[in-house]
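Work through the exercises below with the sequence and the model side by side. Try each task before reading its solution.

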Amino acid sequence: MDKQTVAVIGPGSWGTALSQVLHDNGHEVRIWGNVPEQIDEINQEHTNKRYFKDIVLDKEIKAYHDLKEALTGADSVLFVVPTKVTRLVAKQVAELLDHPVKVMHASKGLEPNTHKRISQILEEEIPASLRSEIVVVSGPSHAEETIVRDITLITAASKDLETARYVQELFSNHYFRLYTNTDVIGVETAGALKNIIAVGAGALHGLGFGDNAKAAIITRGLAEITRLGVKLGASPLTYSGLSGVGDLIVTGTSIHSRNWRAGDALGRGEKLEDIEANMGMIIEGISTTKAAYELAQELDVYMPITQAIYQVIYEGQDIREAINFMMNNEFKEENEWN
């Protein structure tokens, strides 16, 4: 692939790690963010210490204060911003773009209130004349491991396979590999909903439960994620792939996962507002729990784990009571889909 110019919208942990992957592949990387001190730090110190204390970025990775400047002449735009601000940032990008670009995103969540997937938001806010079909970059990936070039395998999903292949080639190298997929609904719902299960898995750990419970919540969590995704039009096969079970394993078992850490703290009795303040980063699983719970109610999809986590977070139910209720709930067949 010829050298591409990529505007990375969002200098968080994942945006920074993906910027390094793109730079390793010989592309021009322009990171844009709205915190001036962070942009200056990337340019002057070549660090992003809020997320990576000991990592030095390549000097050729440039950060921009001015969004228009970052977008000028770009071949592609990668959105890596929190779900709740995606629409606002997409509007800003659409206003400033003066040429068509490939549009990708690597965020995981459902928009509060609308319950829309991120690709739907980008489709609504960026005119079709200025963009490709959206490509979703998602899968089992901790930024802390990608930034030190650990082996990572994830998915590039788009309704247009050729655009997905462009993104596959853009990112793939000896430590970072992408597989293409056309099931955008499946990949996006898997990436969003696994954060809920990760909160639950962390809570079980914080309460002192062991590996049996961990395996149970991941497996049954995958079942309810699949139920909702299939109802929305996804292929059930997607959930047994990298963006499904793969991402659920990595997020539901690791201290690197902020969703797992938030659940762990909840299980140990900490208050949610304190957890969010101490984390210093967006915990997507918290807001996604509300969106998924509301969506499940609307579509009449059985999601007992999501419901229990919703009741703990938003209705103040005791965690142990929620677990006891689930353990004594109606008995079902394992492969029952309704």
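**Exercise 1. Find what the buried residues of helix 11 pack against.**

Solution. Start with the range: helix 11 covers residues 258-267. Helices (H or I, at least four residues) and strands (E, at least two) are DSSP runs, numbered from the N terminus. Next, list the partners of the buried residues: helix 8 (184-206), helix 10 (242-252), helix 12 (272-279), helix 13 (284-299), helix 14 (304-314) and helix 15 (319-327). Then count the cover: eight of the ten residues of helix 11 are buried. Buried means under 20% relative accessible area, exposed over 50%, partly exposed in between (1.4 Å probe, protein chains only). The buried ones are N259, W260, A262, G263, D264, A265, L266 and G267. Finally, step just past the helix: G269 has a positive phi of about 100°.

This is a predicted model, where local features need pLDDT of at least 70, side-chain atom pairs count only at pLDDT 80 or more, and totals for chains, interfaces and linings use all residues. Residues are numbered from 1 along each chain as its sequence is written, and side-chain values use heavy atoms, with hydrogens and water left out.

**Exercise 2. Describe how helix 8 passes helix 9.**

Solution. Two packed helices are described by the angle between their axes and the distance between the axes. Here the axes of helix 8 and helix 9 (residues 211-232) come within 9 Å and cross at roughly 150°. Helix 8 is therefore roughly antiparallel to helix 9. Axes are lines fitted to C-alpha atoms, for helices over the stretch in contact, and angles run from 0 to 180 degrees between N-to-C directions. Angles under 35 degrees count as roughly parallel, over 145 as roughly antiparallel, 65 to 115 as roughly perpendicular and the rest as oblique. Now the residues: helix 8 contributes, among them, I185, L193 and L204, and helix 9 contributes residues including A213, I225 and L232. The contact divides into twelve nonpolar, four polar and two charged residues. Ala, Val, Leu, Ile, Met, Phe, Trp, Tyr, Cys and Pro count as nonpolar, Asp, Glu, Lys and Arg as charged, and the others, Gly among them, as polar.

**Exercise 3. Work out how helix 8 lies against helix 13.**

Solution. The axes come within 8 Å and cross at roughly 110°. That makes helix 8 roughly perpendicular to helix 13. On helix 8, the contact uses A192, L193, N195, I196 and V199; on helix 13, E284, G285, T288, T289 and A292. By type, the residues are five nonpolar, four polar and one charged.

**Exercise 4. Give the strand order of the sheet and name its edges.**

Solution. The order is 3-2-1-4-5-6-7-8, an open sheet of eight strands with mixed pairing. Two strands pair if DSSP finds at least two bridges between them. Strand 3 (62-64) and strand 8 (176-181) are the edges, each pairing on one side only.

Notes:
Contact means heavy atoms within 4.5 Å. A crossing is left-handed if the near helix is turned anticlockwise from the far one by less than a right angle, and right-handed if clockwise.
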